[in-house]
Amino acid sequence: MRIPVTIVLACICLQSTEAQFGFGGFRNLFRPIQNFLQPVMRGVQNIFRGGPRFKDDGTQSPQATGKDKLFPDDCGREEDKGTGKLCFPDGLLCQERVNKGGVQKFGGHLYWFSWQDNDNSVRNAKWDWFNARNYCRKRCMDLVSFETQQEYDWVKGFINVNVPYFWTSGRLCDFDGCDRPDFLPKNINGWFWSANQARLSPTNGSGFHDWSF
């Protein structure tokens with residue numbers, strides 16, 4: 001899902017701003033990342049009650065290469081095939097994420113806005129939704145999911161004339177396991193936040209949203 005306001009993105013860190021991020025050895029670094037990913041994947045299955053048979057055939061395990069690429073070689077979308085692979089986090093990139101230009105704090109969380117990055121290639125990068133999410137995932141983050149009107153209004157405050165729109169983690173449930181009656185019609189009831197697996201309010205309801213689906 002994108003906010004219609006060049007393709008840019010806003011990522012949210014997976015930790016509170018009070019948490020400390022340090023290296024006690026790569027094993028200790030990756031353990032919380034692996035612990036984080038396991039319940040997320042279980043959450044997908046719980047939401048869809050055993051529905052989607054999801055296969056992550058991207059990077060096979062967390063890494064610590066420090067390779068900072070806009071479009072990683074080991075994961076991401078292959079434009080010619082129309083397929084994509086999810087990225088595991090990279091420990092070194094995760095360590096440095098709080099030092100990136102464009103990091104802002106709100107409600108006990110850190111947010112990173114790509115159009116405020118210090119690197120000109122990042123500020124002007126053009127990602128599709130899948131690659132935008134993978135750029136965040138490589139850094140122990142994910143595309144933003146709006147939980148409150150206040151959070152949404154705060155993020156919108158960073159929009160300017162050079163930011164026509166940005167990606168969120170909103171996704172249409174259009175894969176295996178999404179044929180449940182309560183998801184129909186899908187364009188109204190089939191949207192969810194892929195970052196935290198929470199369902200969105202119906203698009204024709206009274207819940208806050210002025211974004212495009």
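**Disulfides and a helix face in a predicted model**

Modeller: In this predicted model, the link of Cys75 and Cys87 is right-handed, with 90 degrees about the S-S bond.

Colleague: How many residues apart in sequence are the parts that Cys75 and Cys87 tie together?

Modeller: Cys75 lies in the loop between H1 and S3, whereas Cys87 lies in the loop between strand S4 (83-85) and helix H2 (91-96). The pair therefore joins parts whose separation in sequence is 12 residues.

Colleague: Is the disulfide of Cys94 and Cys140 right-handed or left-handed?

Modeller: The sulfur atoms of Cys94 and Cys140 are 2.0 Å apart, and the two residues form a disulfide. Because the torsion about their S-S bond is about 85 degrees, this disulfide is right-handed.

Colleague: Is Cys140 buried or exposed?

Modeller: A residue counts as buried under 20% relative accessible area. Cys140 has a relative accessible area of 8%, so Cys140 is buried.

Colleague: What is the handedness of the link of Cys173 and Cys178?

Modeller: Cys173 and Cys178 form a disulfide with their sulfur atoms 1.8 Å apart. The angle about the S-S bond is -80 degrees, and the link is left-handed.

Colleague: Where on helix H5 do its buried residues fall?

Modeller: The buried residues of helix H5 (residues 149-156) are Glu151, Tyr152, Trp154 and Val155. Seen down the axis of H5, they fall within an arc of 160 degrees, so they line one face of the helix.

Colleague: Which residues does Phe71 touch, not counting those up to four places away in sequence?

Modeller: Phe71 lies in the loop between helix H1 (26-47) and strand S3 (76-78). With that sequence exclusion, Phe71 touches Lys126, Trp127 and Asn131.

Conventions: Residues are numbered from 1 along each chain as its sequence is written. This is a predicted model: local features need pLDDT of at least 70, side-chain atom pairs count only at pLDDT 80 or more; totals for chains, interfaces and linings use all residues. Side-chain values use heavy atoms; hydrogens and water are left out. Helices (H or I, at least four residues) and strands (E, at least two) are DSSP runs, numbered from the N terminus. Contact means heavy atoms within 4.5 Å. Buried means under 20% relative accessible area, exposed over 50%, partly exposed in between (1.4 Å probe, protein chains only). The arc is that of the directions from the helix axis to the C-beta atoms. A disulfide is a pair of cysteine sulfur atoms within 2.5 Å.
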